[in-house]
Amino acid sequence: MLDLLLRGASIVDGSGAPAFSADVGVRDGRIIGVGNSDEPARETLDLSGLHLMPGIVDVHTHYDAQITWDPTLSPSVALGVTTAILGNCGFGIAPCPAAQRETVMRNLSVVEGMDLDALMAGTRWEFETFAEYLDALERVGPYANVGVLAQHSTIRTAVMGEEASSRERPSDAQLEAMKQEVRKAMQSGAAGFASSFSPNHSGWGGRPMPSTIASDEELKQLVGVLKESGRGIFVMATGPRGTPDFMEAIAAETGRPAFMVTVLTMYSKANPERALEYYERCAAAIARGREVYIHSTCQPLSFDFTLREPYLLYSHDAFDRVKAAAPEERAAIYKQKSFRDQLRANFRNPKSGILFYGDWSQVEKDGVPVTQLAADPLDYVFDLPLDTQLVAKLFQNDDRGVAPLLKHPAGVVALSDAGAHLIYFCDAGFGLHFLAHWVRETGTFTLQEGVRRLTSDPARKYRIPKRGLIKPGYHADLVAFAPDKVGISNLERAADLPGGGSRMIRKPRGVHGVWVNGLRVFDGEKYVRRQSGPGQVIRTFDP
């Protein structure tokens, strides 16, 4: 007898093949058959008029802390995500000796735009080591499948303590201890290794995140553990240091897939050719047998910010004083002519790989570019009250420039940052947005190709076994949806964080059900409450 029989849907199976009508039978969390079925089932649902696709695979999330208090991984599961990868950019919470917990939380609150009070109140510290963290996640019972990357900055902090953000070169003993932590993580079931060289990644008090000051040699020593393991992927917020050539050299040395995350690979009107050049360089590496891919965001990259927390400007030297100052002291710095003169000089000679280059037409107040509000937009902005809400629309804002990147074989649709920056925005619904905008509205992708890009393509590239296809033997991670309605809501503020904090969320449109390992977790309106979620902590990956 089947546990579940889904009848009458149009199946978009994740392979890229056109949709077809069939029943889907499920037993013990796996797909048993795809076709006409008369086998009895404990539960039978009629999905006539709907489409059924594999669950979305989100390879770039930051649920590392939230998952300890929220097994639903809200809002991702409601938005069709059934598998999530944690630990991205090398930021996370394990391994973490008890003495380092506050340091790790404070850094996360800044670098990933998280509510510090919520992190401190909500995180359930039932672990210190990476292996204990995975065990703790299994006890949580997540509503989605999760894989976790070993994290460079987290490991550096665990080994070097407070020096991790100030001392560029570890001792030989410290480097060996870091390598051993990566080994232990891989032996415990890590999905791979993540790091960051991004100049945009600053932590508490403006201090650099630990991995960003590490040497190339340190990084290569740590990622070399993947070669020893013979499995795992490498993903990095590369910044300008981690060029395609740099990443190809790592892929060649380790024999493992390497993934780039950087604004340099995003379309911008200021430099319209640069992003595609990066993709072509990665494609050339792939042609040489070295897998180097790029995380491609399918949504415009916009940043809500205030002068109290102007994080997208932190990579400019003029902000060194600002980062070190308490928020209430920052207004006095902004008034200083020396600060404004230094910032203007920074804009004339910008660093590579930063977020904002000084084009004030990209910054809006109440929906109006500040260039339309003042003759000198810089003076106008820094005369504003600290808590004035501003929006910077920086990258991926022109469909004609973005479409070739999304269609490029060297990309993988990702970069939701789900669980992070929740004070400012929510891109967790990237997959439903992709189906709405890039499939239905613009016709850039067919439905079957759009679904493949969200499911089997990331699962294959990340070596996630038996997920991303509606096929016998595969895990029954499924989404029922209406193609003519699927999409996401406008941003909404929800006051549901531990400690009473609020965050930005989105809700699904046109989703009628989400199943993880054969059990329904979202019914189209609300989560299905369970004593323990059906998601698995993925510890085994394909070679």
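**Sheets, loops and burial in a predicted chain**

Strand E11 (residues 233-237) and strand E12 (residues 258-261) pair in parallel through four bridges. Two strands count as paired if DSSP finds at least two bridges between them. Helices (H or I, at least four residues) and strands (E, at least two) are DSSP runs, numbered from the N terminus. Within this pair, Ala237 has Val261 of E12 as its bridge partner. The structure is a predicted model, in which local features need pLDDT of at least 70, side-chain atom pairs count only at pLDDT 80 or more, and totals for chains, interfaces and linings use all residues. Residues are numbered from 1 along each chain as its sequence is written, and side-chain values use heavy atoms, with hydrogens and water left out.

E11 and E12 belong to an open sheet of six strands with parallel pairing. The strand order is E9-E10-E11-E12-E13-E18. Strand E9 (150-151) and E18 form the edges, each pairing on one side only.

An open sheet of four strands has antiparallel pairing. Its order is E14-E17-E15-E16. The edges here are strand E14 (301-305) and strand E16 (368-369), and each pairs on one side only. Strand E15 (residues 363-365) runs antiparallel to E16 and is joined to it by two bridges. Lys365 faces Val368 of E16. Strands of a sheet pair through backbone hydrogen bonds, either parallel or antiparallel.

Strand E24 (residues 511-516) pairs with E19 and with E25. E19 and E24 are antiparallel, with four bridges. Leu478 has Trp515 of E24 as its bridge partner. E24 and strand E25 (residues 519-522) are also antiparallel, with three bridges. E24 and E25 make a hairpin with two residues between them. In the turn, Asn517 has a positive phi of about 50 degrees. Five of the six residues of E24 are buried, so the strand is largely enclosed by the rest of the structure. Buried means under 20% relative accessible area, exposed over 50%, and partly exposed in between (1.4 Å probe, protein chains only).

The buried set comprises Phe430, Gly431, Leu432, His433, Phe434, Leu435, Ala436, His437, Trp438 and Val439. Gly443 comes after H15 and has a positive phi, near 70 degrees.

The loop between strand E18 (411-413) and H15 holds His421. Phi of His421 is near 55 degrees, a positive value in a residue other than glycine. His421 is buried, at a relative accessible area of 8%. Lys466 is placed in the loop between helix H17 (456-461) and strand E19 (478-481). Its phi is positive, near 55 degrees, and Lys466 is likewise a residue other than glycine. Lys466 is partly exposed, at 41% relative accessibility.

One joins Ser74 and Pro75, with omega about 5 degrees. Pro75 sits in the loop between helix H1 (66-69) and strand E7 (81-86). Another joins Ala94 and Pro95, with omega about 0 degrees. Pro95 sits in the loop between E7 and helix H2 (101-111).

Over the whole chain, the secondary structure amounts to 17 helices and 25 strands. The radius of gyration is 23 Å, close to the 24 Å that the globule rule gives for 543 residues, so the chain is as compact as a globular protein of that length. This radius is taken over C-alpha atoms, and the rule is 2.2 Å times the number of residues to the power 0.38. Along the principal axes, the C-alpha atoms fill a box of roughly 80 × 55 × 50 Å. Buried residues account for 62% of the 543 residues.

Contacts (heavy atoms within 4.5 Å) were sorted by sequence separation. Of those with a separation of 6 or more, 73% link residues 24 or more positions apart. The accessible surface of the chain is about 19,800 Å². Carbon and sulfur atoms contribute 48% of that surface. Areas come from the Shrake-Rupley method with a 1.4 Å probe; for residues, only the protein chains shown count as cover. The chain has 59 positive and 65 negative charges, and their mean positions are 2 Å apart. Lys and Arg count as positive and Asp and Glu as negative, while His and the chain ends are not counted. Each charge is placed at NZ of Lys, CZ of Arg, CG of Asp or CD of Glu.
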